[in-house]
Every structure is written in C-alpha cells, then in structure tokens.
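Please keep the sequence and the 3D view open while reading.

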Amino acid sequence: MNFDPIILTLILATPLAGAILLALIPEQEGFDKGGESIDSKRHAAGALVVTLLTLLLTLHLPAHFNYHASPHTFQFEQNLSWISNPAIRYHLGVDGLSMWLIVLAGFLAPMGVLASWNAVQRRTRLFYSLFLLQQVAMLGIFMALDLFLYYGFWELSLVPMALLIATFGRTENRRRAAIKFFLYAFIPSAILLVAILWLYNLTGTFDLPTLQALAGAHHIAASPTALLLCSIAFLVAFAVKVPIFPLHGWLQDAVTEAPTAAVMVLAGKLGLYSILRFSFGIFADQSRHMAPLLIALGAAGIAYGSLIALIRTDLKKLAAFSTLAHVSFVVLGIFTFTVLGMDGGIFQILNESLIGAAFFLLLGLLYERYGTYEMRDYGGLASRHPWMATMFVITSLAAVGLPMLNGFVGEFLILSGTMQSIVVHHVLWTTLGATGVIFGAGYMLWMIQRVFYGSPGVRTQEVQGWDLCSREHLELWPFAALFLIMGIASPLWMRAIDTYGAPTATEIAPSGAPPSAQITEQIHSTPAVADSALARNSHIPHLTDARQEVR
Amino acid sequence: MSTNLLALLPELILTLTAILVMLLEPLLAVGASRKPLGWLAILGSLGSGVAALFQLRVVHALGTLTGFYGTIQVDAFSIFFHLLIASIVVTTLLASLDYFPPDQISHAGEYFALVLFGATGMMFMTSSAELLMVFIGLEISSISTYILAGFRKGRATASESAIKYFLLGSFATAFFLYGIALCFGATGSTTIAGIGAGLAATKTPLFGWLAVGMVLIGLGFKVSAAPFHVWTPDVYQGAPAPVVGLMSTAPKAAAFAVLLRFLFEAAPTDRHHWAPLIAIMAVASMTIGNLGALLQSDAKRLLAYSSIAHAGYLLVAFTAPEPLAVSTACFYTAAYAAMNVGAFVVLTQLSGFDERLRTIDDLTGLALRRPALAAFLAFFLLSLIGIPFTGGFFGKFYVFSAAVHSGYTWLAIVGLANSGLACFYYLRLLTALYARPTTDTIGDAPTPHCLSIPAGLALIATAAATLLLGILPNRILSLTQRAAPSTVAQCVMQK
C-alpha cells in the first residue's frame, strides 16, 4: 500500500488521537518508593507509545523522499477542500526544509515523555494530553501549505504551551510567565492575521505555492510600501516566536518556569521555519531589503545572549540566553542569502534544537536530584556522577562547536556564509558571530567547571544524588549519538536541506552577488567525491575551498 | 392576506406555552418541584424552533411570508434569528432546571414563563418590517428581562441590577421611540422599506440623520455598545447567571438583527455616511470593553465587559457592504451565542443560586475538583479569545476579513490588537482554572453539587456548536449567506 498521500495526515492524527484518548482515561493513584501517593504511570506509558508511533511514521518521510524533485515543489502532498468561501484548503506538504524538522519534532516528543517520567507525578492526564496537543500543533505548522491552516496551527501551538507553563511551572511566578508568553506571541500574531487577510483580499488565495508563484512573478498588485508593511507584519510575528533580539522578553521567564518537556520544544524552530517558509517564500524582495537589519540583529543577539549568559548563575536563565545566542546564529546565517549561510542556518536549526533539548534534559535531571538551578549550590559532582558529567561535557562541546560534533558544521557554514555575503560590514558581523562562539565556550565550560568540579556546594553536600539510571541513559545516548553522526555525516541531512536552501538563496540573493551562484555550481559539479551518492552534495570538502576563497 | 398566522407561528407557540406555564403553576403544590413546567417550557421553545424550520421550507417554496398588512415579514434572515433565539432559550432553560433552591422553587414557574415571553418579544423584533412593531417586540423582551434580572430576590445586587436595567433601558427605549417618530416625520412612514424610500428622496437630510441617530442610540443600548454600555457590568453582576447567559446573547442578537435591517434597508444609500460612525462605535466598544475587563476580579463582571468588547467586534462587520455584512454579522452572533451561553451555563452549575463562587480567586484550582466543568469553561474561554478551530475564531476571522475587504484595514488592525489585549483577562481566568490553589482555604469552600443531566446536555450542545462552527463553518455560513441576499432582494423589490 502506498502511504505517501496520507502519511502527513497520519502523522498529525496519531498524537491528536493520543491526546483525546489520554484525556478520557482517568488518573489512577499509585505509590512511590516512600509510600507517598502519586499518579500511576499509565498516562506516561500511553504518551510514550503514541510518540514512538509518531516518530516511526515521521521516519517514512526521509525514507521515501525524492531528492531530485524540482525546486519549490512539495512532496507527500494532501490537498483537500475544507471551506469553500473563503477558499481554505486542507493542504499539507513537505520539502527539503520541513522534512527533517518534522522528524526532529517526532524525535523530541518521546524524549520529552521520558524526561517527564518522574518529573511530573501529579495531574499526568492533563500534562500528557497538553503535551501531545502541543506536538500536533508543531507538526501542523511544519506541514501546512495553506496560510489559513498554518495560522490555525500557529495559534493553537500557544495554548497547550501556555497551560503547561501555567499549571506545571516551577515557582509562584508561573502564571505570570504563561500570560507573558502568550501575549508576546499572540499580539503580533493578531497583526499577522490582518496581513494574511489583506493578502487574501488582493490575491483571492491562501494557498502558499500559488502565492509564492504570484509573488515570484510580481503579480501581487499592491504598492511596494504596502507589501513592505505586510512583510514586516509577517516577520515580526515570527521574530517574537524565535525570538530575535530585542523581542526576547518572554524567553527567560518561560524557560525558567516551563517543565523540561515543554522547554525542549519552546524556542527556535517554529519561528525560524516560518521565516524561511513564509517570509522568504512570499516576500523575497522585502526580505532582501530587510536583510542588513536582521543580520545586525542576529549578530547583536549572539553577542548579547552570550554576554548575559556569562553572568547568569541560574542554570535555566543561562540556558535561556544561550538559546537566544544559538537562534541568533541561525538568523545571521539565513539572512545572508548565501547557499552556505542558508544551508548552515537550516542545519543549525536542527542542531540548536537537539543541543538545547539535551541541555534542558540534563538540567532537569540535576533538578530532580537536587531541587535547585542555582549554580552556586552545586560543585564537585563529577566524582559522584561520572556518567552525567560525561553527558554534560558532550552536550557542551556540541554547543560550543567542537569539530566532529554537529554544532561545528552549522556554525562554520553560517560564519563562512556571512563572510561571503555582500551585506555591508559583513566582516564586522562575522567577527561578532565568531566572538559569540568564544563566549559560548566560555559560559558553557565555566558552567561545567562550577557544577562538576571544584569543592562540593551547599546543596550537593546536603543531598545524596544518584548517577544516571537506565531510563536516563536511554534518553541521553540518542542525543549523544546524533551529535556525533550529524557532525561527521552531515551530508545525510544536507542533501535534503540543500534542495531547499540552494535555490532559495540563489533566487533571493542580491543581484551582483556571484559567490552564491558559483558555489552552488561548485558544490554540484565537483567530481572528487562523486563515487558516493550521499556525498554528492557534501559541503565538508568544499568548506576548505570556501575558506580559501575567503582568505 | 392581511392576517397570516403562519408568519407568527413560532411566536404564537412560545406565547401559548408561556400562558400554559403560568396557568399550571398555581395548580402545583407549594413546595413541589417545578421541573415539569421547565420541561414544558423547553418543549414549547423546541416547538417554536420546529415551527421556524417549517417556515423556512415555506419560504423556500413560496418566497417571503408577509402578514398583518406587511408589518411582519418572515424571510431566511428572520428565520435564522428565530432558530438562534430558540436554541439559546432551550439551552438556558436546560441550565436553569436545577437552578432554584428548595426555598425559591415557587418562583420557578414565573421564571420559565418570563423567559418564554422574553423570547417571544425577541423573535417578534427580528420578523418585524415596521418600526412600531419592532418597538412592541423590544418592549415585550425588555420588560421580561428587567424582571428576570432581579430574580434573586432580597439581594441588594439583584435589586440594583433590575432597577438599573429598567431605568436605563426605558430611557433608551424612549430614544428609540423618538427616533421612530422622527423617521415618521421625515418620511411619512414607519415601515422600514418606506423609511428607506423616504430617506432616499428627502430634501432635508438633517432630519433623517437625527432619526437614524436616535434609533442607533436605542439599539446601541440594547447591544451594549459603547458609549451606551455603562449599565452592562452592574446588571450582569446582579442578575442570575443563566439569565445573564440569555440576555447577553438573545436580546442582543435580536437588536443586531433590527440594526442590520434598519441600516441596510432604511438607510442603504447613506452607508458611507454612517459606516465611519459605526466604526468609531466599534473601536470604542472594543477598547472600553477590553480595558474594563482587565481590572475585573468577578467572573460575571469580566464576562460583562467582554460582551461589550464582542459587541464592538460585531459592529466591525457593519462596515462591509450588505450581503457580506449580514452574513458575517449573523455568523458572529451565532458563534458568540454558543460560546457565551456555554460559559454562563458553567458558571450557573458552579455557583448555583446563591453564587458561591464568583471571583477568579474562587475559581482557582477548579480543574482539580471539577475537571469536566473546568475543561468546558476553558474551551469556551479559548473560543472567546479566538483560538483557531473554535467558533470564536471564525467569527473574528470573517468579521475582520469583511473589514479588510471593504477598505477598513485600520479597523481590522485595531480590532485584532484589541483581541490580543483581551487574551490577557481571559487567560487570567483560564490559567486560574488550571493553577494549583494558592491557599488551603479552597478545601473549605462548599463543594458544588454534581452536574445534572439537563445542564450536561446544555453544555455538550453549546460546546458542540462552538466546535462545529470552528471546524465546519461552511454549513452555518451558507445559511447566513442565504439570509443576506433575501434582504437585498426585498429591498430592491419594494422600491
């Protein structure tokens, strides 16, 4: 049987059905080791089964992806009429940009369930239902090709997250954090809806491929100013969700409060994907005009995030600002409109999500043991928890961009892309970005030093923790393995990403920017590694060329 | 065909049922349950709904039904509102069956009858093609709701509610009546079509303007649009919860129906004159409603301010040209009715007759004690916010796309920014439902009684309507779109 036409609907329906089912199953009381009454694990187990099934289904996509499809076409499409007036369609599809993001969302969900296994002991029914609903919204965002449908998932994604923060937040501040998160995202989204309606009024369609074609042929009949305003409405709504500096006001509170499983999927990919898909897809010219500003903001975000992370002693706040720095890297890369920057940026979305998720997971494990995120309370843990220390070090090294691990590939491509771009002051922005790498190494390694080495802290003396248990090993090793595989075999991912990144960058790139076109050609024509089909689009061998060129 | 009783069939059924309820009431023993009367009333309102459906078939086959010398006009437009009002009344009655405590049970019969009489007046408003008839309908519905507002006898807030509503309401009706008089003076007619023709031909536009303005004030009060909204919070706070659910939706729907008919049929040529005025009223209502709600801690007052804001969103639809405006406004009215009645059914179930749980603090941690009720309320609140896949979202979507379509993009931006503002207070309530109670005192609060089956039915019906309007808005929209062209056709026909 051919699953291709319905696979996306299946991927969406699985967690949705799971969420409804879990909401209907009543909670059952069990007892923990100390004899305290807690909910039994039936909801957690159910959620694990559902998320694993979803992951399995998402793997269908890379297995059957057609790498030779022409640019701007979508695969696994499903296109049904939903509402006739206004013309809203249930239109789903996948291309090189969204494919790995969908798999990523599929992968993070079971990890999130495992991370909440012991951390969430009460009201598990509510927790796992909301968590699965959040996954539906996220997957929907990556798949929707109808602007209206997309907007539906986009708004929907706010609700479970806000409720998760409000209900399962850590401190008394949780409700404030949830409302702040919701308002920050909702108000620009409301303006985004006006922009979508305005576009519909002009073109009579919500269909993304149609709109893209119309915009590409300059067939949208509106003044340049109106189009620019419209594109700003799109961009601001996405930028808040990323968040792009200086719209990151919600991030610290939300990250501090949110439970581990929620914070793993909180920032980054939804907003960045939306910029790539919609801002670049519909507003190519306007995006090019705004690129210098966004590159500057990206570089500023890297510097600002890294510097603030350096002075934070609360581990979650540190992680929040390191997230800001990492997503700013992606912003920097994609707005250069060079093939290297674009591909690297998209790859870095995957890296950032994985590294961030692993980092938050580890912080969650520490919190489960010692009940604090304050760095000063820790110290000298390495001898007590050798495995955990190892995992922390691996994750930190991936985050700071150690060669052979995945972070390096993304950051290197982005910085090379920035250097190549013809945007003003590109040397300055590259330098700022590179400084961010150094600061990044600074705060991550400093954090490792303060938590795991030195003399034992107050809290670590009081409480006797334990090293990783087998469930926790199961959570962390896939991440570690992925860091390594994505670091040394990036072409496996790049191959799909490049089918989106290269044509998009080439089309949007400012005229008179030879490098991107040349490099694309170079990438595609170098025969040196042609004996391996996978390596055909490999960037790694060409990085040396690119580096030489830059020199 | 001067007296066409078919044209008044739903109203007749309602009135007869109400009279029957009044007659049977004294026959029941003093302390006996009034539930049979309630079921009778429900049956009656269901019957009127069925009658409206029958009218729809007749209208489809034979065209618009007119009666009583052209003062009653039954078309798809009025049938839509008949059905809506009948559904709201059925839901309200279902939710009120178990509302009365034993010591108040003897008043339940009057209550059921008054709800039916009020609904009669509202239906009458929507099928009148003549302003004096509209006025009579308005009075029937208003007087019933004045009494219903003060139904929690002996409580200061209830008396305040009823008296405030009565005084300000009569003041507003006086404006409306004065407007009718001016219309008659300006055009020599009191039928809507006659006024339209007269206003188009008049040589003294100022007179006509004044008349339209007065009517607008009278109806603005009924829909609680700013600046005629000041009564809303106090009245809603003091009135019984199921009554608030009724009077925040059904009379408003009727008044909006009259406003639609009046503005688009009596003054259609002047659209560009009065549309900016309506836009200003819309902005004022949205902003005042939402800003006012930010400060509220009482759930009913919060929803009162939210209803002012929603009247503002609805008014945005009036800036569009006729067919679009009518279908959009009809859709929004239906969506708002479903979610708001639903929210008040939950509040009714939670707090009961003596309103034990009123403030947001009282409701904190509700999900722990009553997960099903909390989930329903959360769903209605999400719909009020306008989260996709709910009726509230499509309502807002259609309204603001109508505004963008007719060149009022600024209004859409203001409106959607306002809906962003509105999230804040809805979320305050919503997150409170799911929060852990901050103090242990919540354990001492009286546990509300179990969910009764009729109230459960009401909740499921409103939630299903809200969800269906959010997932398959096509069906209801095609009905409302059929409602729109018929009014245009008559307008053209009668000129």
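## A bent helix in chain A

The bend at a residue is the angle between two axes, one fitted to the seven residues ending there and the other to the seven starting there. By that criterion α13(A) bends by about 30 degrees at A:I275. Helices (H or I, at least four residues) and strands (E, at least two) are taken as DSSP runs and numbered from the N terminus.

The model is a predicted one, in which local features need pLDDT of at least 70 and side-chain atom pairs count only at pLDDT 80 or more, while totals for chains, interfaces and linings use all residues. Residues are numbered from 1 along each chain as its sequence is written, and chains are lettered from A and ligands numbered from 1 in the order in which they are written.

Helix α13 of chain A covers residues 269–282, and its 14 residues should span 20 Å at 1.5 Å a residue, which agrees with the 19 Å between its end C-alpha atoms; the expected span is 1.5 Å times one less than the number of residues. This helix is mostly covered, with 14 of its 14 residues buried. A residue is called buried if 20 or more other C-beta atoms, placed from the backbone, lie within 10 Å of its own, exposed if 12 or fewer do, and partly exposed in between.

## A strand pair and a helix

In chain A, strand β3 (residues 75–83) and β4(A) run antiparallel and are joined by 6 bridges, where pairing requires that DSSP finds at least two bridges between two strands. Strand β4 of chain A, residues 88–94, is mostly covered, since 5 of its 7 residues are buried.

In chain B, helix α4 (residues 108–127) has 20 residues and reaches 29 Å from its first C-alpha to its last, close to the 28 Å expected at 1.5 Å a residue. Of the 20 residues of α4(B), 19 are buried, and the helix is mostly covered.

## Backbone points to check

Most residues other than glycine have a negative phi, and most peptide bonds are trans. A:F76, although not a glycine, has a positive phi of about 55 degrees; A:F76 belongs to strand β3 of chain A and counts as buried because 24 C-beta neighbours lie inside 10 Å. A:M404, also not a glycine, has a positive phi of about 90 degrees. A:M404 is found in the loop between α17 (386–400) and α18 (406–420) of chain A, and this residue is exposed, with 12 other C-beta atoms within 10 Å.

A cis peptide bond, with omega about 5 degrees, joins A:F245 and A:P246, and A:P246 is found in the loop between α10 (224–241) and α11 (251–257) of chain A. Another cis peptide bond, with omega about 0 degrees, joins B:A226 and B:P227, and B:P227 lies in the loop between α8 (205–222) and α9 (232–238) of chain B.

Chain A has 24 helices and 4 strands, and its C-alpha trace spans about 70 × 55 × 45 Å along its principal axes. Its radius of gyration is 23 Å, which agrees with the value near 24 Å that a compact globule of 551 residues would have; this radius is taken over C-alpha atoms, and the globule rule is 2.2 Å times the number of residues to the power 0.38. Buried residues make up 58% of the 551 residues in chain A.

Chain B has 21 helices and 2 strands. The radius of gyration of chain B is 21 Å, close to the 23 Å given by the globule rule for 495 residues, so chain B is as compact as a globular protein of that length. The C-alpha trace of chain B spans about 70 × 55 × 40 Å along its principal axes, and 62% of its 495 residues are buried.

## Where the chains touch

Between the two chains, 27 residues of chain A are in contact with 24 residues of chain B, a contact being two residues whose C-beta atoms, placed from the backbone, lie within 7 Å. On the side of chain A that touches chain B, the elements giving two or more residues are α6 (147–156), α7 (158–168) and α8 (174–203) of chain A. The largest share of that side, 15 residues, comes from α8(A).

The residues on that side of chain A divide into 21 nonpolar, 4 polar and 2 charged, where Ala, Val, Leu, Ile, Met, Phe, Trp, Tyr, Cys and Pro count as nonpolar, Asp, Glu, Lys and Arg as charged, and the others, Gly among them, as polar.
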